[in-house]
Amino acid sequence: PICTTLPFLGFKKIANILLSKIEEKLGFEKVKSRPYFIKIEPTNKCNLFCRGCIHSADRKELQANNYLGEMDFNLFKKIINETGKYLIKVSLYLEGEPLVYSRIIGMIKYLDNKKIGSVISSNFNYLTPKLARELVKSKLTHLIIGLDGWNEATYKKYRQGGSFKKVIENIKLIQEEKQKQKSKYPIIEIQAIKFNYTRPNEINNIAKLAKQLGADQFSIK
């Protein structure tokens, strides 16, 4: 796998990581090391209804109880300001689709200005030329794209509400932007989820497709 944290390492951060590993190995209950990787969810809203996901099972209930929302940007900055000195990367996703969050570019830029890497995982159904341009310009470090099929039929077994064709178009769009801006970022990882109904040839076909699309990495989850 391509390492996406090397550009954000410095002496203080490396020393903190080593201390953390030593404390973990020795089983310390009280530690002096600081978090070097954190996960922040910009929004738990999503544009799809994937099987097995909370959005497929309980979307109406979530909406009725005002469970779906977006993170306050000032809270995000407060967290980064307090922890950023030792951070090498921040994950900007969990239950939701990060690209539907209106200030995702602002978050990525804020991290880059602090010399902190960023990673998002996306179903990649929601992308505009402007957003593609801004994702590259903002120096998003690592982009994980869920592609759980090698054609429309296999893709929609899981990604309900999504479009295989749209994802392929969007991958080509982000690759074109990287070329235009002469940027190696974001590192693009295409990820396939292996289900009990997934046949070995399907994974092979997705892997071949990922290579054709110029992905930097392919992974199976």
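**Exercise 1.** Determine in which strand Leu-143 lies, and whether Leu-143 is buried or exposed.

*Solution.* Begin with the element: Leu-143 belongs to strand S4 (residues 142-146), where strands (E, at least two residues) and helices (H or I, at least four) are DSSP runs numbered from the N terminus. The structure is a predicted model, in which local features need pLDDT of at least 70 and side-chain atom pairs count only at pLDDT 80 or more, whereas totals for chains, interfaces and linings use all residues. Residues are numbered from 1 along each chain as its sequence is written, and side-chain values use heavy atoms, with hydrogens and water left out. Next, take the accessibility: Leu-143 counts as buried because its relative accessibility is 0%, the term buried meaning under 20% relative accessible area, exposed over 50%, and partly exposed in between (1.4 Å probe, protein chains only). Finally, list the neighbours: when residues up to four places away in sequence are not counted, Leu-143 touches Ile-120, Phe-124, Ile-174, Pro-186, Ile-187, Ile-188 and Glu-189, contact being defined as heavy atoms within 4.5 Å.

**Exercise 2.** Describe how the axes of helix H4 and helix H5 are arranged, and identify which residues meet.

*Solution.* Two packed helices are described by the angle between their axes and the distance between the axes. For H4 (residues 104-113) and H5 (residues 129-137), the axes come within 9 Å and cross at roughly 10 degrees. H4 is therefore roughly parallel to H5, a class that takes in angles under 35 degrees; the axes are lines fitted to C-alpha atoms, for helices over the stretch in contact, and angles run from 0 to 180 degrees between N-to-C directions. At the residue level, Ile-105, Ile-108 and Lys-109 of H4 meet Leu-131, Glu-134 and Leu-135 of H5.

**Exercise 3.** State which residues of H4 are buried, and what covers them.

*Solution.* The buried residues in H4 are Ile-104, Ile-105, Met-107, Ile-108, Tyr-110 and Leu-111. Their cover includes helix H3 (73-83), strand S2 (89-91), strand S3 (117-122) and H5. After H4 comes Lys-115, whose phi is positive, near 60 degrees.

Methods: Parallel < 35°, antiparallel > 145°, perpendicular 65-115°, else oblique.
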